[in-house]
Amino acid sequence: MAPTPAYALIATDLDGTLLRGDDTVSDRSLAALARVARAGARHLVVTGRPAPRVRPLLADLGCAGLAVCGQGAQVYDAATGRLLWSVRLDRELAETALGKIEAEVGQVYAAVDQDGVDGLTLIEPGYRMPHPTLPAVRVGRRDDLWRAPISKVLLRHASLSDDELAAVARAAVGSLATVTMSGPGTVELQPCGVTKATGLALAAERLGIAAERALAFGDMPNDIPMFDWAGRGVAMADAHPELKAVADEVTLSNEDDGVAVVLEGLFPAD
């Protein structure tokens, strides 16, 4: 009888964690995830990307189960192509939050991820996509960002660093929204109280897996709630210092197959 794996759920961030810089997953990482599956454990993608931007990657990974998208605001079922759970960011609150931030730092440039499995990413004039490979639709003015329900707002500033913009945004926004930083050039506003841990906990409950049997991988401050929730958190070598400070372990970088290195030790070859 095969031994029960130490971890029943492997939760991985995508950008800067499982994905390489060219948005691909290495053969070594795919092989390690295959070991996980053969051992009877589950792999769950937990990402800031919205569901429409995740579906092609799930297909490449061979994932036909659940995925946590939109910084925890969406739980997506790849098998049925449906959102099992979704939280929207109130558009009036989002506008108010933007106004408060701009009152402190001057003009910011904004984009939004629309809600739904077919939602678009809309960007206003001046906003530069942090991931140029991801599709986006440019609109003529900020008011056009609010024409359909949204799951989050993405922010950039001409001169402030991500850390500086995130700090100002948290102070200015208060309880209007949750502020996260999920990657270079990616400061976001999402529904108040919603984090990666929110969606991960819901997905894990649906799978019948307790938090202490979850192993999480990440690289940015938006992964901190996920690390707090999971039994063990592993940060990538070039992770943000705030995440490294709360991690149980630091592995190699995403370019050096850091996720695979850890999984190979936990899930031996057949």
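An open sheet of six strands runs through this predicted model in the order β8-β7-β6-β9-β11-β10, and its pairing is mixed; strands here are DSSP runs of E with at least two residues, helices are runs of H or I with at least four, and both are numbered from the N terminus. Two strands are said to pair if DSSP finds at least two bridges between them. At the edges stand β8 (137-138) and β10, each with a single partner strand, so one side of each is left without a neighbour in the sheet. Residues are numbered from 1 along each chain as its sequence is written. Because the model is predicted, local features need pLDDT of at least 70 and side-chain atom pairs count only at pLDDT 80 or more, while totals for chains, interfaces and linings use all residues, and side-chain values use heavy atoms, with hydrogens and water left out.

Within the sheet, strand β6 (residues 108-114) pairs with strand β7 (residues 121-123) in the antiparallel sense over three bridges, and V112 has L122 in β7 as its bridge partner. Helix α4 (residues 91-105) packs on the sheet and touches β6, β9 (150-157) and β11, where contact means heavy atoms within 4.5 Å. The direction of α4 makes about 15° with that of β9; such angles run from 0 to 180 degrees between N-to-C directions, with axes taken as lines fitted to C-alpha atoms, for helices over the stretch in contact. Helix α5 (residues 162-173) lies across β6, β9, β10 and β11, and runs at about 170° to β10.

Which sense of pairing joins β10 and strand β11 (residues 186-190)? The two strands pair in the antiparallel sense over five bridges, with M181 standing opposite V187 in β11. Two residues lie between the strands of this hairpin, where G185 takes a positive phi near 70°. Although β10 is an edge strand, six of the six residues of β10 (residues 178-183) are buried, so this strand is largely enclosed by the rest of the structure; buried means under 20% relative accessible area, exposed over 50%, and partly exposed in between, with a 1.4 Å probe and protein chains only. T186, in strand β11, also counts as buried at 5% relative accessibility, and leaving aside neighbours within four places in sequence, T186 is in contact with P130, L154, D162, T180 and M181.

Most residues other than glycine have a negative phi. D23 counts as buried at 19% relative accessibility, and D257 is buried with a relative accessible area of 15%.

Another loop, between β1 (9-12) and α1, holds D13, which is buried at 5% relative accessibility. The side chains of D13 and K196 are joined by a polar contact of 3.0 Å, meaning a pair of N or O atoms within 3.5 Å; within protein, one atom must be able to donate a hydrogen and the other to accept it, and residues adjacent in sequence count only if both atoms are side-chain atoms.

A nonpolar core is a set of buried Ala, Val, Leu, Ile, Met, Phe, Trp, Tyr and Cys residues joined through side-chain atoms within 4.5 Å. The largest such core has 30 residues, and among those touching the most other members are I10, L58 and F217. Its largest share, five residues, comes from α3. A second, separate core of 27 residues includes A94, A110, W146 and V187.
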